[in-house]
Amino acid sequence: NRTVSVKPFKIAVYAVTNEEYYEFVKETRHRWPGHWASQMLKWSNRPFPEKYRFHPVTNVSYFDTAAFCSWRGARLPSNEEWEIAAVGDSGHMYPWGNEFKPSACNVSESGLGRTSRVDSYESGRSPFGCFDMAGNVQEWVAQDDEKGYYARGGSFKHKGALYGLTQLCIPADPEYTSAYLGFRYVKK
């Protein structure tokens, strides 16, 4: 066990959505995620299906998330901040307690097999009101100067009992992108 001191912070209740990320892309001309399609713009005003507007953005690298956060006047949460937002000082294994509940999060056991709206799992909210800290998509956290880059939380692709553990940090290449990796931010 180690003791860390964390200054007060304000973390986003939801992971960044496709809609939020699209506003960033339109304004900055930053490249968009690889699964978005320019041909969608021929019959829609977005490069992704309307039904995914409020799903978490995915296929973004650490560097993409840092650019978004800079634009937003925010930053990625540190490992410690992310974990505090997930379970507070409860010491629980999951945001809702110590027993895994597939009904409280979007993980492989839930059977959905894709992302869900960021506000879908009310019963899985953390003590601080954050949604999807144990499922839907894994989330980038700020670079740890000592150890590198990490993703936290479970996703629709992963077994929730293991990957949903709030203590689990998964090393990741900062250029890595995937259909089950997104992010949330801390307001400056």
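**Aromatic pairs and overall form**

Mentor: To begin with, Phe 68 and Tyr 185 are both buried. Keep in mind that this is a predicted model.

Trainee: Are the planes of Phe 68 and Tyr 185 stacked or tilted?
Mentor: A pair of aromatic rings is described by the distance of the centres and the angle of the planes. For Phe 68 and Tyr 185 the centres are 6.1 Å apart. Planes under 30 degrees apart count as stacked and over 60 as edge-to-face. With 45° between the planes, the pair of Phe 68 and Tyr 185 is tilted.

Trainee: How many residues apart in sequence are the parts that this pair ties together?
Mentor: Phe 68 lies in helix α2. Tyr 185 lies in the loop between β6 (181-182) and β7 (186-187). The pair therefore ties together parts whose separation in sequence is 117 residues.

Trainee: How many aromatic pairs does the count come to?
Mentor: Rings pair if their centres lie within 6.5 Å. By this rule the count of aromatic pairs comes to 20.

Trainee: What is the class of the pair formed by Trp 36 and Phe 48?
Mentor: The ring centres of Trp 36 and Phe 48 are 4.9 Å apart. Their planes stand at 45°, so the class of this pair is tilted.

Trainee: Where in the chain do Trp 36 and Phe 48 lie?
Mentor: The two residues are twelve residues apart, and the pair links distant parts of the chain. Trp 36 and Phe 48 are each placed in the loop between α1 (18-28) and α2 (62-72).

Trainee: Is Phe 48 buried or exposed?
Mentor: Buried means under 20% relative accessible area. Trp 36, at 5%, is buried. Phe 48 has 3% relative accessibility, and therefore counts as buried.

Trainee: Which residues do ring pairs link into a cluster?
Mentor: Trp 36, Phe 48, Phe 68 and Tyr 185 are among them. The cluster also includes Tyr 21, Tyr 22, Phe 24, Trp 32, Trp 71 and Phe 183.

Trainee: What is the radius of gyration of the protein chain?
Mentor: The chain has four helices and seven strands, in the order β-α-α-β-α-β-β-α-β-β-β from the N terminus. For 188 residues the globule rule gives 16 Å, and the chain comes close to that, so it is as compact as a globular protein of that length. Its radius of gyration is 16 Å.

Trainee: What share of the residues of the protein chain count as buried?
Mentor: The cut-off for buried is under 20% relative accessible area. Of the 188 residues, the share that counts as buried is 50%.

Definitions and conventions
Residues numbered from 1 in each chain as written. Predicted model: local features only at pLDDT ≥ 70, side-chain atom pairs only at ≥ 80, totals over all residues. Heavy atoms only, no water. Phe/Tyr/Trp six-rings, centres within 6.5 Å; stacked < 30°, edge-to-face > 60°. Buried < 20%, exposed > 50% of the residue type's maximum accessible area, 1.4 Å probe, protein only. Rg over C-alpha atoms; globule rule 2.2 N^0.38 Å.
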